[in-house]
Amino acid sequence: NIILESMFNAVYIGVSHHNIAKNIDIDTILPKLELFNEEILDYIITIMAFSGDIKYIELIEKIGEIYPELDVKEAIFELKSNR
């Protein structure tokens, strides 16, 4: 988990500070979301949010139902802002 967290943290930094979200193919890991813990899913919803792709709203909401501590409302706001 520590390696995955470090990896997703690096992607998060690129997404949030260098505007690279639209260049990341997040769809390749979506079928495996159940393998990730809450901390990594927090990075993943942020990456989806910065992509600006509206198709991720429902998935972000579903993750939020499982992990209510995650700031799903902020992620959806960010997603809509990046469209």
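This is a predicted model: local features need pLDDT of at least 70, side-chain atom pairs count only at pLDDT 80 or more; totals for chains, interfaces and linings use all residues.
**Entry 1: the fold**

I started with the secondary structure and counted four helices and zero strands. Going along the sequence, I wrote the pattern down as α-α-α-α. I then looked up the radius of gyration, which is 12 Å, close to the 12 Å from the globule rule for 83 residues, so the protein is as compact as a globular protein of that length. For the dimensions, I noted that the C-alpha trace spans about 30 × 25 × 20 Å along its principal axes. I also checked burial: 39% of the 83 residues are buried.

A reminder to myself: side chains of opposite charge can pair when their charged atoms come close.

I went to Lys55 and found it in a salt bridge with Asp27, with 2.7 Å between the closest N and O atoms. This pair links distant parts of the chain, as Lys55 is in the loop between α2 (38-51) and α3, while Asp27 is in the loop between α1 (2-18) and α2, 28 residues apart. Lys55 has another entry on my list, a salt bridge with Asp53, where the closest N and O atoms are 3.9 Å apart. I set the cut-off beside that value: a salt bridge needs the nitrogen within 4 Å of the carboxyl oxygen, so the pair counts. Put together, Asp27, Asp53 and Lys55 are linked in a network of salt bridges.

Lys55 is partly exposed at 47% relative accessibility. Asp27 is also partly exposed, at 30%. Asp53 has a relative accessible area of 29%, so I put it down as partly exposed too.

**Entry 2: the pair in α3**

Next I turned to Lys62 and Glu58, whose side chains meet in a salt bridge at 3.4 Å, N to O. Where do these two sit relative to each other? Both are in helix α3, and because they are four residues apart, about one helical turn separates them. I noted Lys62 as partly exposed, with a relative accessible area of 44%. Glu58 has 51% relative accessibility, and since exposed means over 50%, I logged it as exposed.

**Entry 3: a negative patch**

Which residues form the negative surface patch? I listed Glu39, Asp42, Asp71 and Glu74. I followed up on Asp71, which I placed in the loop between α3 (57-66) and α4 (72-81). Its relative accessibility is 48%, so Asp71 counts as partly exposed.

**Entry 4: a positive phi**

Last, I checked the backbone angles. Most residues other than glycine have a negative phi. Asn19 is one I marked, as its phi is near 55°, a positive value in a residue other than glycine. I traced Asn19 to the loop between α1 and α2. Asp27 is in the loop between α1 and α2 as well. At 61% relative accessibility, Asn19 goes into my notes as exposed.

Key: Residues are numbered from 1 along each chain as its sequence is written. Side-chain values use heavy atoms; hydrogens and water are left out. Patches are made of residues with over 30% relative accessible area and no salt bridge: like charges are joined within 9 Å, nonpolar side chains (Val, Leu, Ile, Met, Phe, Trp, Tyr) within 5 Å. Accessible areas come from the Shrake-Rupley method with a 1.4 Å probe; for residues, only the protein chains shown count as cover. Lys and Arg count as positive and Asp and Glu as negative; His and the chain ends are not counted. The place of a charge is taken as NZ of Lys, CZ of Arg, CG of Asp or CD of Glu. Buried means under 20% relative accessible area, exposed over 50%, partly exposed in between (1.4 Å probe, protein chains only). The radius of gyration is taken over C-alpha atoms; the globule rule is 2.2 Å times the number of residues to the power 0.38.
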